[in-house]
Each structure stands twice: as structure tokens, then as C-alpha cells.
Amino acid sequence: MKPTSSSATAVPSSLSLYRLDGSSGATCILIQTDALLSIQYRDKYNEDKEADSFLPDQMDISGECWEDESRITMSWKGFTINIYFSKTPGGERWYVNSVDLAYSSSNKLFEHIDRPGLDVKLSTPPGTLLFPTPVGKSYTCDNEVIITMFAQDENDKSGHLAKLYLRELRMQSFMYKAGNAWGPTFQCSATGTYRDETAPIAVGSTLAVATVCTVVGYGLWR
């Protein structure tokens, strides 16, 4: 494991830049986006509510940078998001294999919540495969990307569901470069496929399955 340091730097316009550096000072994870976290919950009057929080420019960032796996942890105002990255067998592509969210249901963001005092953990379903991108390239998407998270523990008492909205997303893992030097872009398309000039691949069906699992899983809980 490589020890890591961290930083988050605001960039011009509405976008924020989040960077995780390795012990050598080289960047291993870089994320640029305009992000919003939206959490659905129920209040004490038995009404369904939504609480929103924009991800700020400045956050507490930590993580780990390994050869074939990495993680970036971003924390602000009582919320913590972990994004886990892996490489495909053979190390040709990187992708996000899990995103999870942790917080207390007593957070001030929730007004008149029905069950305060719970430690809540939500995540994407097992088998998640997001943003598969050739190693050395940066995933880029001008369309809004939505990542849905719900409780994987059958004993969960919160009933919460979270959506992470990522606008104008650019992301890269396994970089090991000094500064904020992005690799060549790997552009998403409006149809849910991912392409570059040399190695087009389609993962729309995989993402569709993940989405269906998310919706069905939450529906069964409710």
C-alpha cells in the first residue's frame, strides 16, 4: 500500500477539483465535477422528504493508492463518500466498482426526521461496474451522471435512498502523475455507451442491470 496525502482545489466556474496524491507527490486519483447529493427520507409526520447537499470545493480527502485498486474518501458536514476503483483482469481498463455513503440520521440536514440517531450506510449494489475506461485515459461526460445508493444490510432501519448527481464529470484513477495532468479523454455518449477513437466498448446493458437492481432492491425493502 502506498501512503497518501490529499488535497481539494477549486477550479474556475462551477466545477470543483478533488485530488488524491501518493507518497511520492504524484496524483493517483483526480475528479472534476459539479456534484449534488440528494437523500430521500421520511419525517416524523410520515411524509417523504428530500434533503440536498452540494459537494463543496474544500473537503477532507484521504484514500489509498495500490497497483490494481484504489479508493478516495471525501468528507464534509457529517457526510462521507467512498469511491472504489479497480482494474480489469490484465490491467487494461479501470472502473468504479463501488460507491458508498455514511452519515448519521441526526444530521442537521434532515428536518423532523422520523428516526434520529441511526448510523446510516448506503451503497451501490454488488457487482457495480461504472465508467470503464482504458488505463491512462480520463473518463469524461458532459451529460449528468446519477449514482444511486441504498442500504445493502437487510437490518437497515433508515429506509433512506441517496442519489449522487455528477455534472460535467471528468475522472481518472491510477494516474501516478505530478500535478493535475489529465490523460486523453474517453468520452461517454448519450446512449449509455463509452467510446474513444481506438477501443470502443458498450456497457449500456451492464449499467442497465445495475440500475434495475437498485430500483428493485429498494422497492423490495419498502
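Me: Before we start, what makes two aromatic rings a pair here?
Reply: Rings of Phe, Tyr and Trp, the last by its six-membered ring, form a pair if their centres lie within 6.5 Å. Please note that this is a predicted model.

Me: How many aromatic pairs are there in the whole structure?
Reply: A search of the whole structure gives 7 aromatic pairs.

Me: How are the rings of Phe79 and Tyr103 arranged?
Reply: Their centres are 5.4 Å apart and their planes meet at 50°.

Me: Is Tyr103 buried or exposed?
Reply: Tyr103 is buried, since its relative accessible area is 5% and the limit for buried is under 20%. Phe79 is also counted as buried, at 2% relative accessibility.

Me: How is Tyr103 placed against Phe110?
Reply: The ring centres of Tyr103 and Phe110 are 5.5 Å apart with planes at 35°, so this pair is tilted. Phe110 is buried, with a relative accessible area of 6%.

Me: Which residues make up the cluster linked by ring pairs?
Reply: Ring pairs join Tyr41, Trp76, Phe79, Tyr103 and Phe110 into a cluster.

Me: Something else: what lies over the face of Phe174?
Reply: Lys87 does, at 4.9 Å from the ring centre.

Me: Changing topic, how many disulfides are there?
Reply: The count comes to 2 disulfides. One joins Cys28 to Cys65, with an S to S distance of 1.9 Å. Cys28 is in strand S3 (residues 26-42) and Cys65 in strand S5 (residues 60-65), 37 residues apart.

Me: What about Cys141 and Cys188?
Reply: Cys141 and Cys188 form a disulfide with their sulfur atoms 1.9 Å apart. The link is right-handed, with 75° about the S-S bond. It connects strand S11 (residues 138-141) with strand S14 (residues 185-188), and the two cysteines are 47 residues apart.

Me: Are those two cysteines buried or exposed?
Reply: Cys141 counts as buried at 4% relative accessibility, and Cys188 is buried with a relative accessible area of 6%.

Me: Which pattern do the disulfides follow?
Reply: Counting bonded cysteines along the chain, the pattern is 1-2, 3-4.

Me: Finally, how many helices and strands does the protein chain have?
Reply: The protein chain has 1 helix and 15 strands. Of its 222 residues, 50% count as buried.

How values were computed:
Residues numbered from 1 in each chain as written. Predicted model: local features only at pLDDT ≥ 70, side-chain atom pairs only at ≥ 80, totals over all residues. Heavy atoms only, no water. Helix = DSSP H or I, 4+ residues; strand = E, 2+ residues; numbered from the N terminus. Buried < 20%, exposed > 50% of the residue type's maximum accessible area, 1.4 Å probe, protein only. Phe/Tyr/Trp six-rings, centres within 6.5 Å; stacked < 30°, edge-to-face > 60°. Lys NZ or Arg CZ within 6 Å of the ring centre and 35° of its normal. Disulfide = S-S within 2.5 Å.
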